[in-house]
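Subject: Structure for your files

Hello,

The structure we spoke about is below. My notes on the helix packing and the core follow it.

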Amino acid sequence: MSVESAIAYITRMREDEAFRRTVNDGEDEAANWAFIRAAGFDFTVPEFKQATEAIYHEHGITPL
């Protein structure tokens, strides 16, 4: 599990509409995590939050 994987996931969510739709339309949390992991991403929620902060910092975004 890693922050780098979470950053890659966020990037894919931004760039791949079909992937984003599949994740967002899923109604079962366990199935969503299984899909995300099957797509090659392995991160925890805290790592996802760290990735978000890293992206904000990289782009000079101040979260509200």
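In H1, Tyr-9, Arg-12, Met-13, Arg-14 and Glu-15 meet Glu-17, Phe-19, Arg-20, Val-23 and Asn-24 of H2, contact meaning heavy atoms within 4.5 Å. By class, the residues of this contact are four nonpolar, one polar and five charged (nonpolar: Ala, Val, Leu, Ile, Met, Phe, Trp, Tyr, Cys and Pro; charged: Asp, Glu, Lys and Arg; polar: the others, Gly among them).

This is a predicted model, in which local features need pLDDT of at least 70 and side-chain atom pairs count only at pLDDT 80 or more, while totals for chains, interfaces and linings use all residues. Numbering starts from 1 along each chain as its sequence is written, and side-chain values use heavy atoms, with hydrogens and water left out.

Helices are DSSP runs (H or I, at least four residues), numbered from the N terminus. The axes of H1 (residues 3-15) and H2 (residues 17-25) cross at roughly 105° and come within 6 Å; axes are lines fitted to C-alpha atoms over the stretch in contact, and angles run from 0 to 180 degrees between N-to-C directions. That makes the two helices, H1 and H2, roughly perpendicular (65 to 115 degrees; under 35 is roughly parallel, over 145 roughly antiparallel, and the rest oblique).

H2 and H3 pack with axes 9 Å apart, at an angle of about 155°, and are therefore roughly antiparallel. Phe-19, Thr-22 and Val-23 of H2 make this contact with Asn-32, Phe-35 and Ile-36 of H3. Its residues divide into four nonpolar, two polar and no charged.

After H3 comes Gly-40, with a positive phi near 100°.

The largest nonpolar core has 12 residues, including Phe-19, Val-23, Ile-36, Phe-41 and Phe-43. Such a core is a set of buried Ala, Val, Leu, Ile, Met, Phe, Trp, Tyr and Cys residues joined through side-chain atoms within 4.5 Å. H1 gives the largest share, five residues. Phe-19 also has contacts beyond four places in sequence, with Tyr-9, Arg-12, Met-13, Phe-35, Ala-39 and Phe-41.

Ser-5, in H1, is buried at 12% relative accessible area (buried is under 20%, exposed over 50%, partly exposed in between, with a 1.4 Å probe and protein chains only).

Regards
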